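Here is a note for a colleague who is meeting this structure for the first time. Please read the points beside the model.

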Amino acid sequence: MQALSNTVRDDHQTIRIYLDKIEGLKRERPQLRCAALRELLAFVAARDAALAEVLPLAGAPQHAAQALQARRRACRHALFQGLRLEPNSPAWWSFFAEGRRRLLAGMRWEEMLLRRMDPPRDAEALLDAYVDRRERLLPHARAQLQRLQSRPQPDEMPLREAA
C-alpha cells in the first residue's frame, strides 16, 4: 500500500504544481493558463477514474469510491466552468478558486483514506494497475474534454436548433 500511497502523493504534487503555475500566470498569457487548466483537468479525470477502480481492489469500503466519484464531479465541474468564461474575468477566477479548494480538500481525504487502509496482498500489481489505467485513460480524458469544449452552449445555439 505504501507504493500506491507514494504514487498518489506524487500525483497530488503534480496537481499542486499545475494549480500554482495557473495561479502564478495571473493576467499574463491567458491562453497558456487555459491550456494548463485543460491539461490539469484531463490528468485529474484520468487519475481519479483509475484510483476509483483500484480502491475497491485495495480493500477500500464501497463508500470511498462513491465519495471519490462525487468529489471528482464537483471539482471538475467548478474548474471546467471556468474554461467557458473569459479567462481574465472575475468569474473565471472564482470558479478556479472553488475548484482548487475542492481539489485540495479531496487530496487530503485521499491521503487519509490510504493511510487507514490495510496493505493489500499484491501491492505491486495494484500499483501497476493504477499507473497503467491512469496512463491509458489520459488520452481519453483529453479527447472528452475537447469534445465538451467544442459543444455549443444552449445560449449559443441558433433558435432553430434550440427549438
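The numbered points below take up a helix pair, a group of salt bridges and one further residue.

1. This is a predicted model, in which local features need pLDDT of at least 70 and side-chain atom pairs count only at pLDDT 80 or more, while totals for chains, interfaces and linings use all residues. Residues are numbered from 1 along each chain as its sequence is written, and side-chain values use heavy atoms, with hydrogens and water left out.

2. Helix α2 (residues 30-57) and helix α5 (residues 123-150) have axes that come within 7 Å and cross at roughly 140°; helices here are DSSP runs of H or I with at least four residues, numbered from the N terminus, and the axes are lines fitted to C-alpha atoms over the stretch in contact, with angles running from 0 to 180 degrees between N-to-C directions. The two helices are therefore oblique to each other, a word kept for angles that are not under 35 degrees (roughly parallel), over 145 (roughly antiparallel) or 65 to 115 (roughly perpendicular).

3. The crossing of α2 past α5 is right-handed, that is, the near helix is turned clockwise from the far one by less than a right angle. Sorted by class, the contact of α2 with α5 has 17 nonpolar, one polar and seven charged residues, where Ala, Val, Leu, Ile, Met, Phe, Trp, Tyr, Cys and Pro count as nonpolar, Asp, Glu, Lys and Arg as charged, and the others, Gly among them, as polar.

4. The count of salt bridges comes to 12, each being a side-chain nitrogen of Lys or Arg within 4 Å of a carboxyl oxygen of Asp or Glu. One of them joins Arg-47 and Asp-11 at 3.8 Å, N to O; Arg-47 lies in α2 and Asp-11 in helix α1 (residues 2-25), so this pair ties together parts that are 36 residues apart in sequence.

5. Arg-47 also forms a salt bridge with Asp-48, with the closest N and O atoms 2.4 Å apart, and both of these residues are buried (under 20% relative accessible area, with exposed over 50% and partly exposed in between, for a 1.4 Å probe and protein chains only). Asp-11 is buried too, at 5%.

6. Arg-134 and Glu-135 form a salt bridge of 2.9 Å between the closest N and O atoms; Arg-134 counts as buried at 11% relative accessibility, whereas Glu-135, at 41%, counts as partly exposed. A network of salt bridges links Asp-11, Arg-47, Asp-48, Glu-110, Arg-134 and Glu-135.

7. Thr-7 is found in α1 and is buried, with a relative accessible area of 16%. Its contacts (heavy atoms within 4.5 Å), leaving aside neighbours within four places in sequence, are with Leu-127, Tyr-130, Val-131 and Arg-134.
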